[in-house]
Amino acid sequence: MSTSIAQLKHLLLHRLPHRTDTFLTHLSRLLSTASGRDALLCTAFYTLAFTHAQLLRILSRKYENLAETIAQNASKSLLPGEAFVATIEPPHLQLTETCVAVKSLGDAIDEVRTFWRLRGLVDIYAAARENYLRPSRDPVLKSIVWAKILAQTGYQFYENAAYLVKKGVLRSERFAKRETGWWTVSSQFWFADVLLEFVRLARVRQLRWNEEFGAQQVEKEGVVGVKSQELEEKWWLQLYSNLGWFPNAVHWGWYDGCEESPMNETMIGLTGFVPGFINLRAAWEATA
C-alpha cells in the first residue's frame with residue numbers, strides 16, 4: 001500500500017509536471033508557426049463540427065421521445081373521436097447549452113481561419129515565385145502546378161472579397177449583391193484546386209516519385225526507383241489528405257452548403273478531420 005502511495009506521489013509531483021511542461025513547450029513551438037496554427041485550428045473546427053452533429057442528433061431524439069410521451073399521456077384523457085393540437089416549447093436542457101456552446105466555438109474558429117486566410121494571396125505569390133525560379137523538370141508537373149496556382153488565386157481572391165463585404169469593409173450595394181456569388185465562385189475554385197491535386201498526385205505516381213520528392217536513383221531501362229520508403233508514405237498522406245478535402249469541396253463548390261447536398265454535418269466533420277489531423281501530425285513532428 002505504501003509503495004502504491006509513493007508511486008502516485010512521484011507521478012503527481014514529478015512526472016506529471018514534467019510531462020505537462022514538455023507538452024506546453026512543444027505546443028508553444030507549434031503555435032509559433034503558421035502551418036502549426038492552421039493545422040490545429042482546422043482539426044479543432046472539423047472535430048467540433050462532428051461533435052455538434054452528434055449532440056444535435058441526441059438532442060433531437062430526446063425531443064422526439066418527450067413529444068411521444070406527452071402525446072401518449074394526453075390520449076388517455078380524450079374521448080373516442082376527440083383530437084387536440086398543441087404547441088410544445090422545447091424544454092431547456094443542459095445538452096442544449098452544450099450543443100450551442102460547441103456550435104459557437106466552431107463558428108469562432110471558422111471566423112479566425114477565414115481571417116487568417118486573408119494573407120493567402122501573399123503565400124500564393126511566394127509559391128508562384130518559387131515555381132518560376134525553380135520550375136519542375138517535368139513539363140506536365142510544371143503545367144499542373146501553374147494551373148493549381150491560378151485556381152488557388154481565384155479561390156483566395158473571391159473569398160477575401162466576400163469576407164471583406166461581410167465584415168463591412170467593402171461598403172456598397174454593388175458589392176453586397178455580389179457577396180453570395182463570390183462565396184460560391186471561391187468554393188468552385190477550391191474544388192478545381194482539389195481536382196488538380198489529384199492530377200498532380202497521379203503524375204507524381206507515374207514518375208515513381210522522382211520529380212516531386214527528390215528520388216534520384218535510376219534503375220535499369222530508365223525506370224526511376226523510390227529513394228526511400230518515406231517518400232512513398234508522404235505521397236500516400238497527401239492522397240489521403242486530398243481525399244478528405246474532396247467531399248467538402250463538392251459540398252461547398254457545387255451545393256453551396258445547402259441541405260440538398262449529399263454531405264451532412266457528420267460527414268463534413270469526419271472528412272475534414274482527416275487532412276487536418278495529417279497536417280497537424282506533420283507540424284507537430286516538425287516542431288519536435
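Helices here are DSSP runs of H or I with at least four residues, strands are runs of E with at least two, and both are numbered from the N terminus. Residues are numbered from 1 along each chain as its sequence is written.

**View 1. N131 in helix 4.**
N131 sits in helix 4, which covers residues 120-133. With a relative accessible area of 8%, N131 is buried (buried means under 20% relative accessible area, exposed over 50%, and partly exposed in between, using a 1.4 Å probe and protein chains only). Setting aside residues up to four places away in sequence, N131 touches S136, K142, V145, W146 and I149 (a contact is heavy atoms within 4.5 Å).

Zoom out for a moment and you'll find 9 helices and 0 strands. Read from the N terminus, the elements go α-α-α-α-α-α-α-α-α. Of the 288 residues, 32% are buried. Among contacts with a separation of 6 or more, 72% are between residues 24 or more positions apart. The accessible surface is about 18600 Å², with 61% of it belonging to carbon and sulfur atoms (areas come from the Shrake-Rupley method with a 1.4 Å probe, and for residues only the protein chains shown count as cover).

Helix 5 takes in residues 139-166, and E159 is part of it. E159 counts as buried, at 5% relative accessibility. Leave out the neighbours within four places in sequence, and E159 is in contact with T114, R117, W183 and S186. As for length, the 28 residues of helix 5 should span 40 Å at 1.5 Å a residue, and the end C-alpha atoms are 41 Å apart, which agrees (the expected span is 1.5 Å times one less than the number of residues). Just past helix 5, G168 has a positive phi of about 80 degrees.

**View 2. The E111–K167 salt bridge.**
This is a salt bridge between E111 and K167, whose closest N and O atoms are 2.6 Å apart (a salt bridge needs a side-chain nitrogen of Lys or Arg within 4 Å of a carboxyl oxygen of Asp or Glu). The partners come from distant parts of the chain, 56 residues apart: E111 is in helix 3 (residues 94-116), and K167 is in the loop between helix 5 and helix 6 (173-206). Both ends are partly exposed, E111 at 24% relative accessibility and K167 with a relative accessible area of 42%. The search of the whole structure turns up 11 salt bridges.

**View 3. E197 and K148, linking helix 6 to helix 5.**
E197 and K148 form a salt bridge with the closest N and O atoms 3.1 Å apart. This pair also ties together distant parts of the chain, with E197 in helix 6 and K148 in helix 5, 49 residues apart. E197 is buried, with a relative accessible area of 11%, and K148 is buried too, at 10%.

**View 4. K177 and E173, within helix 6.**
K177 pairs with E173 in a salt bridge, the closest N and O atoms being 3.4 Å apart. The two are 4 residues apart in helix 6, so about one helical turn separates them. An α-helix has 3.6 residues a turn, so residues three or four places apart point the same way. K177 is exposed, with a relative accessible area of 65%, and E173 counts as exposed at 58%. Elsewhere, salt bridges that share partners join K148, D193, E197 and R200 into one network.

**View 5. A nonpolar patch on the surface.**
W236, Y240, L243 and V274 make up a nonpolar surface patch, with about 340 Å² of accessible area together (patch residues have over 30% relative accessible area and no salt bridge; like charges are joined within 9 Å, and nonpolar side chains, meaning Val, Leu, Ile, Met, Phe, Trp or Tyr, within 5 Å). Helix 8 (residues 229-253) gives the most to the patch, with 3 residues. L243 has its place in helix 8 and is partly exposed, with a relative accessible area of 44%.

**View 6. Residues 214-218, with a caution.**
The protein averages a pLDDT of 84, and 79% of the residues score at least 70 (pLDDT is the predictor's confidence in each residue, from 0 to 100). Over residues 214-218 the pLDDT is below 50, and this stretch has 16 contacts in the model beyond near neighbours in sequence. Where pLDDT is low, the predicted coordinates should not be read in detail.

Methods. Side-chain values use heavy atoms; hydrogens and water are left out.
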